[in-house]
Amino acid sequence: MRYLPKSPVDREEMLAEIGVASIDDLFSTIPAEFQLKRDLAVPRQHGESEILDRFREFAENNAVGYSSFLGAGVYRHYRPVIIDSLVQRGEFLTSYTPYQPEISQGTLQAMFEFQTMICELTGMEIANASMYDGSTGAAEAIMMAVRVTGRDGAVIARTVHPEYREVIATYAQHQEIPTVEVGYSANGRVDVAALDAAITKDTACVLIQSPNFFGTVEDVAAIAEIAHAKGALLIVSIAEAVSLGIVRPPAEADIVSLEAQSYGVAVGYGGPYCGVIACKEKFLRQMPGRLIGETKDKDGKRGFVLTLSTREQHIRREKATSNICTNQALVAMMTTIFLSVYGKQGMKELAEQNLAKAAYLKSVLGASAGAKVLFDGAPRFHEFVLQLPKSAEETNAALLGDKIIGGLPLAKWYPELGPNASLWCATELTTRKQMDAVAAALAGKKA
Amino acid sequence: MAVEKFVGTPKKATTHTNQNEDLMFEKSSPGKKAYRLAQLDVPAVDSVALLGDSVRTDLGVMPELSEIEIIRHFTRLSTWNYAIDLGMYPLGSCTMKYNPRVNEAVARLEGIAEAHPYQPESLSQGCLGIMQTLSDALIEITGMDAITLQPAAGAHGEFTGILLVRAYHESKGNPRKKILIPDSAHGTNPATAAVCGYEVANLKSNAQGMVDVAELERMVDEDTAALMLTNPSTIGVFESDIHKIADILHAKGALLYMDGANMNALVGKTRPGDFGVDVMHLNLHKTFSTPHGGGGPGSGPVACKKILEPFLPTPIVVTKADGKLGLEYNRPQTVGRVRMFYGNFGMFVRALAYILANGPDGLRQTTEDAVLNANYIRAKLEGTFDLPYKTQSLHEVVFSDKLQAKNGVKTGDMGKRLIDYGFHAYTVSFPLVVQGAMMIEPTESESREELDLLIDALKQIAREAEENPELVQTSPHTTRVQRLDETTAARKPILRWKAPAAPEPVLVDTAAKEW
């Protein structure tokens with residue numbers, strides 16, 4: 001087996017040095033009745049070229065050569081090629097969690113830079129070194145708010161990504177965190193009056209998403225005021241991190257839970273992505289996950305270490321702030337490289353291009369016969385809900401013939417919008433040609 | 001003719017930035033760029049008009065750098081890391097094995113890397129096929145009946161597994177109250193039990209570091225939901241009484257959860273499903289070679305017996321009537337979703353590539369080599385270091401610093417000193433049941449030559465501990481930074497860079513020195 005660096009002679013000599021006759025002697029503590037005496041029924045050993053062939057075949061059975069208007073929490077942005085050349089350096093790829101700081105400064109310094117940029121982008125004071133993803137990050141943020149406030153309820157906007165809400169429900173069910181959902185108003189923003197009414201003296205936090213699931217930017221400052229007036233924390237979840245180049249950061253929030261997939265991470269059929277929690281410094285001790293801090297060695301040289309680990313499971317065990325251990329470090333590294341490539345000017349320009357593309361898509365689709373853009377009364381980033389004359393499923397099935405993947409049908413999660421509503425997205429990678437083509441296809445003619 | 005004398009810089013060669021790379025913010029200067037967007041092919045928009053009050057005006061300390069500077073920045077940082085690619089990483093319980101590069105290649109194939117999780121099932125047959133093929137292989141390897149790939153890491157798998165346990169008991173009318181956890185367990189186990197709303201009952205190990213079966217029998221009652229057991233245990237020993245343990249639990253209606261962190265000792269040699277385990281997680285980033293990447297991403301599939309299958313998170317991959325693969329969401333007894341979409345899919349691709357590269361013969365040989373390596377280290381170092389438990393080791397061996405601690409040299413010191421010899425430290429002070437633990441897991445990826453280097457280094461360090469304890473206590477001596485002040489880091493946390501409040505005076509050494 002090509003990954004194993006031993007010759008048959010090595011094995012024999014090593015067994016002799018150990019003082020056993022055969023390898024099976026080393027497995028003698030496994031009762032005989034449970035020893036597997038046959039080959040595992042898994043595919044036979046493949047040569048490297050065969051492995052590539054096998055996966056190329058898998059890849060060809062996916063959507064290759066389609067133009068796609070899907071977003072909904074996962075966004076296709078351009079990934080500068082240096083991301084993959086850098087993260088495939090073995091020193092980053094094949095290192096462990098930086099528990100030995102003297103030989104882990106590369107990862108540690110990069111994660112300190114990550115934390116710094118996440119703070120800047122979100123308007124928060126501190127950020128951790130990543131969570132699994134945006135959905136689990138949002139759930140952990142709620143648990144954190146419960147610890148901070150000593151209260152136990154959460155008020156959640158229905159415009160938070162439906163799958164995030166499902167994950168939150170799973171996490172909350174055994175922690176006695178009652179959750180209440182509040183709807184949206186005609187402009188797609190959270191129904192502020194309903195929100196206000198839903199917050200009680202037992203509410204630990206309000207969770208909103210901005211831009212929300214419909215692509216609409218929420219009035220974070222106004223919602224913060226309502227939450228704070230009743231002593232609840234405001235958590236803002238951000239599923240489209242590129243929006244932060246042009247959308248005001250949710251600085252009035254207490255905790256921000258960000259999904260950073262948009263920063264140079266492939267859509268990759270759902271993961272791995274990069275969640276991260278950022279918050280006000282006063283909540284530091286309740287923060288889950290790993291934190292990197294700056295310090296000095298005995299010669300006064302700057303260095304970085306994992307710090308405040310007394311919050312974590314390997315020290316606190318059942319009293320820890322979370323059970324999280326492994327995080328998404330290499331993916332956080334990708335986002336760090338992405339952010340350094342775009343930087344101060346590029347993040348803004350990139351976000352502006354996304355705004356422009358979505359505005360164009362909205363104008364051409366909104367103009368097609370019988371189509372209507374919903375929730376048009378509030379600012380949005382690069383997604384919108386379109387009401388079409390036929391069911392979204394039917395429309396999409398027809399579009400597949402033109403090698404187009406249409407917007408995401410919403411009836412499954414928002415039945416009140418009817419079967420004809422779907423969520424459309426354009427990013428800087430969506431071309432005018434693709435947008436004109438889908439508009440033409442909806443109008444029943446070829447572009 | 002007077003020759004002009006060459007005037008060098010006053011800096012010493014050792015101050016070159018490749019040894020002292022600044023933070024990217026300190027290297028930034030206004031107007032530099034590392035990007036060029038595609039030409040905009042639609043009308044530009046006025047962001048202020050579109051966003052109104054919600055428009056952003058400033059991006060603060062975000063850096064401005066050129067591409068070559070970014071390449072050098074991260075490349076320089078990378079050279080400050082130790083890595084499997086550089087040498088042996090004997091971290092016990094972490095399974096730091098070789099991360100094959102073909103895994104990376106296949107994960108980046110366009111049709112795989114660019115697949116959107118909401119694209120139609122008819123256009124996702126490849127991704128679903130990967131999930132199905134991997135699931136089948138993992139079910140066979142573990143001897144279980146069903147699996148979910150959704151959990152994002154080992155601890156997330158534990159969470160999912162204990163949710164299944166809870167849902168199972170609830171379906172019988174009583175969720176029960178407590179989870180039994182041996183004192184040798186990973187910290188994630190008790191943390192997980194707490195997140196799932198259970199009390200933790202601590203199960204003391206016996207003199208051999210194993211589950212004390214009599215004590216277990218005494219503790220298990222109708223309030224016990226499950227035992228969370230790592231097998232082989234964190235001291236690298238197979239629980240030979242495993243079936244008896246399972247029987248004791250099952251007799252009281254409790255379940256056996258296995259933490260699969262140490263599955264690298266078992267693949268192809270025995271199957272948890274055969275020895276009584278009801279539910280377990282796997283760490284694809286340990287046993288199945290997906291890269292640790294400096295702390296993640298991981299992937300923590302959970303395999304279970306039939307009795308727990310109805311409770312698995314949604315969706316699961318199924319074969320539909322027409323023979324195509326699909327995602328099944330309609331599962332009334334599900335515990336719900338534990339993560340959006342389907343899990344860390346990119347890790348499934350890599351793990352499957354690893355299984356294909358090995359086949360049944362390679363998987364078994366891998367396990368045998370991992371166990372051979374650990375036992376070789378044990379045989380060579382027993383006597384040099386105290387071996388608290390004499391039971392037969394599988395994939396890892398746990399020594400203690402008892403012999404060296406007499407001279408004031410602790411496990412942490414010797415771990416640091418190992419760095420000077422070109423290795424990563426072993427796992428220090430874990431498991432907690434061993435005072436001064438030194439936990440060594442070589443994995444199958446080490447040649448005999450590399451093992452001998454490690455053995456020599458540790459013997460040398462033991463000698464230093466006798467002859468020159470201070471040398472060990474103050475190590476490492478060869479790294480870019482010395483031991484760092486972790487106390488101040490925690491007491492006065494600096495968790496982000498901040499721009500200096502006022503421009504710092506620029507110190508220019510006008511009297512350039514001559515070489």
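I note that the model is predicted.

I then examined the strand pair around this bridge. Strands β1(B) and β7 (residues 302-304) of chain B run antiparallel and are joined by 3 bridges.

Next I traced the sheet as a whole. I recorded an open sheet of 7 strands in chain B, with mixed pairing and the order β1-β7-β6-β5-β4-β2-β3. I asked why one side of β1 and of β3 in chain B is left without a neighbour in the sheet. Both β1 (146-148) and β3 (199-203) stand at the edges with a single partner strand each, so one side of each has no neighbour there. I also noted that neighbouring strands of this sheet are turned by 25° against each other on average, with direction ignored.

I checked which strands helix α10 (residues 242-251) of chain B lies across. These are β4 (224-230) and β5 (255-259) of chain B, and the helix runs at about 140° to β5(B).

I turned to chain A and consulted its domain assignment, which gives domain 1 as 67-78 + 344-442 and domain 2 as 82-338. I found the C-alpha centres of the two domains 27 Å apart. Their contact takes 25 residues from domain 1 of chain A and 21 residues from domain 2 of chain A.

On the side of domain 1 that touches domain 2, I listed α11 (329-366) and β12 (383-387) of chain A as each supplying at least two residues. The largest share of that side, 7 residues, comes from α11(A). By class, I recorded 15 nonpolar, 5 polar and 5 charged residues on that side of domain 1 of chain A.

Conventions
Residues are numbered from 1 along each chain as its sequence is written. Chains are lettered from A and ligands numbered from 1 in the order in which they are written. This is a predicted model: local features need pLDDT of at least 70, side-chain atom pairs count only at pLDDT 80 or more; totals for chains, interfaces and linings use all residues. Two strands pair if DSSP finds at least two bridges between them. Helices (H or I, at least four residues) and strands (E, at least two) are DSSP runs, numbered from the N terminus. Axes are lines fitted to C-alpha atoms, for helices over the stretch in contact, and angles run from 0 to 180 degrees between N-to-C directions. Two residues are in contact if their C-beta atoms, placed from the backbone, lie within 7 Å. Domain bounds come from an automatic or database domain assignment. Ala, Val, Leu, Ile, Met, Phe, Trp, Tyr, Cys and Pro count as nonpolar, Asp, Glu, Lys and Arg as charged, and the others, Gly among them, as polar.
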